[in-house]
Amino acid sequence: MPTPDIASHLYVFILAAFLGLEVIKRVSPLLHTPLMSLTNAISAISVVAAIEIAGRHETTLATVLGTIAVTAAFTNVVGGFMITDRMLKMFKKREPVKK
Amino acid sequence: MNMMWTVAELTGAGANIQAVFSTATYILAAACFVLSLKWLSAPTTARRGNIVGEVGMAAAIVGALLQNNIISYEWIIVGLVLGALIGAPLAIWMPMTAVPQRTAFSHACGALAATLVGTAHYFTHVPERKEEMAVLSVEVLLGALTFTGSLMATGKLQEILPQRPITFKGQNIFNFLVLGAAIACGVGLTINPHLTILFPVLLGLAAIFGVLLIVPIGGADMPTVIALLNSYAGLSASLMGFVLDNKLLIIAGALDGASGFILSIIMCKAMNRSFTNVLFGAFGQVQKSSGTQEKKTVRSGTPEEAAQIMEAAQSVIIIPGYGMAVAQAQHKVRDLFDQLTRRGVDVKFAIHPVAGRMPGHMNVLLAEAEIPYDRLIEMDEINGDFSQCDVALVIGANDVVNPAARHDKNSPIYGMPILDADKARTVFAIKRSMNPGFAGIENELYYADNCMMLFGDAKAVVSAVAKELAESAEPVAA
């Protein structure tokens, strides 16, 4: 494994955090609830790290923890995107029922 | 030499392609995630945002599965299947009114994943470098406390746990001691990463702190707490990226953390309280009831009277609150909306940022009832309209319309931005009874001259008013 360089990590973190602040500031308050579920789904990208651990079989403990981690993270992947979609589908503009 | 080089190249080439592919999918995922949030800015582009997020996630997962250091897939598959079995039903069958608890539960899952990965990482390669150990300690500390804290929040929202703030003497000091001890473990581990016993102790203390943190927080403060936990869960995922040298995790975690952070600031501003006050102020305690307890009387009315007045109005503003969610009244509210709109009444909804139990809660409920979203208007935009509106209808909302916030310095809600419902010509407030509810504060609005109470369950009352309007429908003149 290449030596992790904490400086470059910090650069990425700071840039991402600022980018996040800018992008999210522009999300309409109407959509704050789906925003939360979507960001939850996105941060469930940790499933990727969990997959590696559950797959490497280095120790029994690691494999067990890794499997539980995959379960927990994937719950958020599946659930998060699905519920966000379900909520977003509901936001309609003009109702055809105007009579 | 050329021959040896070629053999090495050939056997290495396959491995290299896998690594390049994984990394490429990760970079693609990062771009997709940023785009996803950008497109969430408006309801018209929002669904596209969700889809591009799914694409990014799928790509990254494929990239992860194809890594060359994976020995076998059984456990991965078990995890994926279990995860889908838990996640999908929660998303499909859960009623919209339960979104806050589902959200809190998902924070718990996210934090759990980060904590477990960090723990597994520690026990397989004890980090030698101080910075890495320090970051790892912070990651699991944050992860563990967010895990238990979020479970507590889920319990409170689902009403399995008591919603009242639970306090005891010296609570804040005790909590800080626990946190301090957890941090001390982290410091110990950083100094000597091989003191393995400190690691589970750190986890245990952090987990206890998570419970203690949420225990004194009342139902009404949940929106801020959920946003904060969202931020922490994201932050721990990001820190995991530092430890595992995975920039995609750093980015995704930072995006999630930033989102939670912004939302919690919005919530705090909307309640006019600081973070520390929400977390450590035990809101329930501070209720020195605002002085004079003169026996004032409220005017109470019937749905028929309300219908008559609303019928004659030109503009009506409806103020939904947690009570509407509890009574599941949103569909009846839609009926009322339809009845009024058919008569040419202009109906708008005033949404206070902390109405409900999580940011945006009311919007989702009303959208579920198919009320067009351009009728849902934020507090800042709509507050000026109250003085021109004929009727303000308060459904299950309490503190957000309490004028005491403007002038009563003794009131715990003093300074909080509120909806100016009292400025409307007539105010109707739907409530089950005159019981003060959690905060225990009397709401001045109910005693105002222009306010009439409609007692009963929100669903029943709204339904009755809509029915009155329907029955008295005169043929609409062409």
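The model is predicted.

Chain B has 478 residues, and 53% of them are buried. Its secondary structure consists of 17 helices and seven strands. Along the principal axes, the C-alpha atoms of chain B fill a box of roughly 95 × 60 × 35 Å.

Strand S2 of chain B covers residues 315-320. This strand is mostly covered, with five of its six residues buried. S2(B) pairs with two other strands described here. One is strand S3 of chain B, residues 346-351, which runs parallel to S2(B) over four bridges. Within this pairing, B:Asp346 of S3(B) stands opposite B:Ser315. The other is strand S5 of chain B, residues 391-395. S2(B) and S5(B) are also joined in the parallel sense, over five bridges. Here B:Ile317 has B:Ala392 of S5(B) as its bridge partner.

Chain B is divided into three domains: domain 1 spans 15-71, domain 2 spans 93-284 and domain 3 spans 299-471. The C-alpha centres of domain 1 and domain 2 of chain B lie 26 Å apart. Six residues of domain 1 and four residues of domain 2 form the contact between these two domains of chain B. On the domain 1 side, helix H1 of chain B (residues 2-39) gives the most, with five residues. The side of domain 1 of chain B that touches domain 2 has six nonpolar residues, with no polar and no charged ones.

The contact between the chains takes 82 residues from chain A and 99 residues from chain B. Four helices of chain A each supply at least two residues to the side that touches chain B: H1 (6-25), H2 (32-43), H3 (47-56) and H4 (60-90). H4(A) provides the largest share of this side, 28 residues. By class, the side of chain A that touches chain B has 49 nonpolar residues.

Technical notes: Residues are numbered from 1 along each chain as its sequence is written. Chains are lettered from A and ligands numbered from 1 in the order in which they are written. This is a predicted model: local features need pLDDT of at least 70, side-chain atom pairs count only at pLDDT 80 or more; totals for chains, interfaces and linings use all residues. Two residues are in contact if their C-beta atoms, placed from the backbone, lie within 7 Å. Ala, Val, Leu, Ile, Met, Phe, Trp, Tyr, Cys and Pro count as nonpolar, Asp, Glu, Lys and Arg as charged, and the others, Gly among them, as polar. A residue is buried if 20 or more other C-beta atoms lie within 10 Å of its own, exposed if 12 or fewer, and partly exposed in between; C-beta atoms are placed from the backbone. Two strands pair if DSSP finds at least two bridges between them. Domain bounds come from an automatic or database domain assignment.
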